[in-house]
Amino acid sequence: MDADLLVKCQSLFSESFGGEVDISDELEFFNECSHSAWFVAMRANEPIGFIRQFAINDSQCRGELYVKGQNESVADMLVEKFAHSFAPEHETSVSFVFGHKEEHLISACKKIGLAEAEETFFSYVYPPTKKAPKLDSGVRLATVDEASDVKSILSSLVNRPLQHLISTVKEGRLFVLSSDDDVVAAAECSLNDERVEVITISVKESCLCGGFGTRLLQGIVAKCRANHPDTVIHAVCRAENIAAQRMNDRAGFDRDPDNDETWLFSQFPILD
């Protein structure tokens, strides 16, 4: 793929994202990263599918695959190109995420072993039509000094580098719940004026089953709504995490099965 082809793919990116995509942002990212594993499938000079790498660090690569319609042969071709062309400098894992409407693409990844592990995530939404909870005085944005405490709390779910959490604090995307001057729960979010997604939420091990996760989740909703009343708040959890599902229910979130996701994970090298 080159920059000219990428511009042609704007409509495909928008279809994949489920909303209008600013192609200038895509071009900026394309020019900043190593794009040896970006491919586009063309038919009659029109793009019909793409695969690309993004969110790369020393230990993980995220891949995105999208094919117009349910053309499995195109998906097979793109995934094989990706597997042969991506050569990470470090021992790296790769993950692909698929919405329930993209399940037909999963087989293309599995055919070449791009699925050593598979996880399903349930989607939840707090719609703008639902009244926001009351503000909880214990819920606030984290400080840089609390980043190491947050890292410890989140470690039961994800291993976030300390520098990543410090950056998240500075971006105003890390929320905590304090009780008796102690951080008892933490959540990392992605934020914009129209959409908030709770990426990860966890409670301190010694404070489990105390309702702190529900309080933090409700506090995030209240704070976001106070600044932007029409904001839609999303949350995800693993399909097997019954406790998280109950927490989302208690916090007033609704199940959103149309946006459930399947994640595939593999270790490089994919092919021998």
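Helices (H or I, at least four residues) and strands (E, at least two) are DSSP runs, numbered from the N terminus. The structure described here is a predicted model, in which local features need pLDDT of at least 70 and side-chain atom pairs count only at pLDDT 80 or more, while totals for chains, interfaces and linings use all residues. Residues are numbered from 1 along each chain as its sequence is written, and side-chain values use heavy atoms, with hydrogens and water left out.

Just after helix α9, Gly252 takes a positive phi of about 95°. Within α9 itself (residues 242-250), the buried residues are Ala244, Gln245, Met247 and Asn248, where buried means under 20% relative accessible area, exposed over 50%, and partly exposed in between (1.4 Å probe, protein chains only). These residues cover an arc of only 160° around the axis, which puts them on the same side of α9; the arc is that of the directions from the helix axis to the C-beta atoms. On the face of α9 turned away from its buried side are the exposed residues Ala243, Arg246 and Arg250. The cover over the buried residues of α9 includes β5 (117-126), β9 (195-203), α8 (212-227) and β10 (232-238), contact being defined as heavy atoms within 4.5 Å.

Helix α6 (residues 147-154) has as its buried residues Ala147, Val150, Ile153 and Leu154. Seen down the axis of α6, these residues fall within an arc of 120°, so they line one face of the helix. An α-helix has 3.6 residues a turn, so residues three or four places apart point the same way. The packing partners of the buried residues of α6 are α7 (162-170), β7, β8 and β9.

A nonpolar core is taken as a set of buried Ala, Val, Leu, Ile, Met, Phe, Trp, Tyr and Cys residues joined through side-chain atoms within 4.5 Å. The largest such core has 27 residues, of which Val198, Leu216 and Phe253 touch the most other members. Two or more residues of this core come from each of β5, β7 (174-179), β8, β9, α8, β10 and α9, and α8 gives the most, with 6 residues. When its neighbours within four places in sequence are left aside, Leu216 is in contact with Val139, Phe175, Val176, Leu177, Ala185, Ala186, Ala187 and Ile201. Cys109 is buried, with a relative accessible area of 0%, whereas Cys209, at 88% relative accessibility, counts as exposed. The structure holds 0 disulfides, a disulfide being a pair of cysteine sulfur atoms within 2.5 Å.

Charged side chains form 14 salt bridges in the structure, each defined as a side-chain nitrogen of Lys or Arg within 4 Å of a carboxyl oxygen of Asp or Glu. One of them joins Lys68 and Glu15 (2.6 Å, N to O); Lys68 lies in the loop between β3 (60-67) and α4 (72-85) and Glu15 in helix α2 (residues 10-17), 53 residues apart. Lys68 is partly exposed, with a relative accessible area of 40%, and Glu15 is likewise partly exposed, at 35%. A further salt bridge brings together the side chains of Lys130 and Asp254 (3.1 Å, N to O). Lys130 lies in the loop between β5 and β6 (139-141) and Asp254 in strand β11 (residues 254-255), so this pair ties together parts that are 124 residues apart in sequence.

Aromatic rings of Phe, Tyr and Trp (its six-membered ring) are counted as pairs if their centres lie within 6.5 Å, with planes under 30 degrees apart counted as stacked, over 60 as edge-to-face and the rest as tilted. By this rule the count comes to 6 aromatic pairs. The rings of Phe50 and Tyr66 have their centres 6.2 Å apart and their planes at 35°, so the pair is tilted; Phe50 lies in strand β2 (residues 46-54) and Tyr66 in strand β3, 16 residues apart, and both are buried. For Phe82 and Phe96 the ring centres are 5.4 Å apart and the planes stand at 80°, so the pair is edge-to-face. Phe82 belongs to helix α4 and Phe96 to strand β4 (residues 93-99), so the pair ties together parts that are 14 residues apart in sequence. Ring pairs also link Phe13, Phe50 and Tyr66 into a cluster.
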